[in-house]
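Take a look at the model below. Keep the sequence at hand as you read, and follow the chain step by step.

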Amino acid sequence: MAWVLKMDEVIESGLVHDFDASLSGIGQELGAGAYSMSDVLALPIFKQEDSSLPLDGETEHPPFQYVMCAATSPAVKLHDETLTYLNQGQSYEIRMLDNRKMGDMPEISGKLVKSIIRVVFHDRRLQYTEHQQLEGWKWNRPGDRLLDLDIPMSVGIIDTRTNPSQLNAVEFLWDPAKRTSAFIQVHCISTEFTPRKHGGEKGVPFRIQVDTFKQNENGEYTDHLHSASCQIKVFKPKGADRKQKTDREKMEKRTAHEKEKYQPNRP
């Protein structure tokens, strides 16, 4: 999930026509000493590139871009953050792009960097109880992970790792100079963290978050370079397609004046 990502000029066939074009990080830089999960969760990243301005302390030209190759909802108002619908267990591509200008960060030229991809909560209330929420999910879904890498489909990722104690995170090394795509699968669905209420449930939004690090003087990948995320909701298989269709039908019923208040579809 919010990075400031720019889509490639050519969208490969087979991808949904509505791309989330804003996966690039315009979040504040976090030094290695100040880096913490709560800091990153607060980053205002993955906003629409053409409707957001960098805040104080943010860089206008982030070193990396991450592109989530999935459709965004057409029922999102202008200046609001995009919302991407995913199907549970389906593989989705995240393109890892080197966005540096000539001469930027020469210390990582020709070297690998490490990225950690997480699925985390969007709502602050759930962020505060993340550990308890994930432990409860683990209890109800023994042996399952919230997030996996589809390694056979991924390109350019090296030394992939998952930690049994971090079911919501995957990590890998990659070379910014080479084509890199990480295909992820989210196994938790939004309604699993929603209290049941009369009249049905409304699923909670998650964030797909990418944190990228370079090696320190000891060769450990702990020096923080960049973080970004985008907002998602995860549905049971085929559910994201149905929700996308429903949103599109709702938009078609609106007047031309009303449609102007919403983000245009991206071909």
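**A walk through the strands and spaces**

Asp159 lies in strand S6. Helices (H or I, at least four residues) and strands (E, at least two) are DSSP runs, numbered from the N terminus. This is a predicted model, where local features need pLDDT of at least 70, side-chain atom pairs count only at pLDDT 80 or more, and totals for chains, interfaces and linings use all residues. Residues are numbered from 1 along each chain as its sequence is written, and side-chain values use heavy atoms, with hydrogens and water left out.

Stay with Asp159 for a moment. Its phi is near 55 degrees, a positive value in a residue other than glycine. Is Asp159 buried or exposed, or something in between? Asp159 is partly exposed, at 40% relative accessible area. The cut-offs are these: buried means under 20% relative accessible area, exposed means over 50%, and partly exposed is in between (1.4 Å probe, protein chains only). Lys238 also has a positive phi without being glycine, with a value near 75 degrees. Lys238 sits in the loop between S10 and H4. Lys238 counts as exposed because its relative accessibility is 57%.

Now follow S6 to its partner. Two strands pair if DSSP finds at least two bridges between them. S6 and strand S7 (residues 166-174) run antiparallel and are joined by four bridges. The link from S6 to S7 is a hairpin through two residues.

Both strands belong to an open sheet of six strands. Its order is S2-S10-S9-S4-S7-S6, and its pairing is mixed. S2 and S6 (157-163) are the edge strands, and each pairs on one side only. From one strand to the next, the twist averages 30 degrees. The angles behind such values run from 0 to 180 degrees between N-to-C directions, with axes taken as lines fitted to C-alpha atoms (for helices, over the stretch in contact).

Next comes another open sheet. Four strands form it in the order S1-S3-S8-S5, and the pairing is antiparallel. Which strands stand at its edges? They are S1 and strand S5 (147-149); each has a single partner strand, so one side of each is left without a neighbour in the sheet. Here, too, the average twist from one strand to the next is 30 degrees.

Start at S1. S1 pairs with strand S3 (residues 91-98) in the antiparallel sense, over five bridges. Tyr66 has Met96 in S3 as its bridge partner. S3 is also joined to strand S8 (residues 180-186) by six bridges, again antiparallel. Tyr92 stands opposite Ile184 in S8.

A cavity is a set of points where a 1.4 Å probe fits but cannot get out. A pocket is an open set with protein on both sides within 12 Å along at least five of seven lines. Lining residues have an atom within 4 Å of a point. Grid points are joined across faces, edges and corners, and a volume is the space filled by probe spheres set on the points.

The largest pocket holds about 390 Å³ of space. Its lining has 22 residues, and Tyr85, Lys202, Lys233, Phe235 and Lys243 lie nearest its centre. Strand S2 (83-87), strand S10 (221-235) and helix H4 (239-252) each give two or more residues to this lining. H4 gives the largest share, six residues.

The largest cavity has a volume of about 40 Å³. Its lining includes Val119, Val120, Phe121 and Cys188. S4 gives the most to this lining, with three residues. Cys188 is buried, because its relative accessible area is 0%. Cys69 is buried too, at 7% relative accessibility. How many disulfides does the structure hold? It holds zero, where a disulfide is a pair of cysteine sulfur atoms within 2.5 Å.

Conventions:
On a 1 Å grid over the protein atoms alone, a cavity is a set of points where a 1.4 Å probe fits but cannot get out, and a pocket is an open set with protein on both sides within 12 Å along at least five of seven lines; lining residues have an atom within 4 Å of a point.
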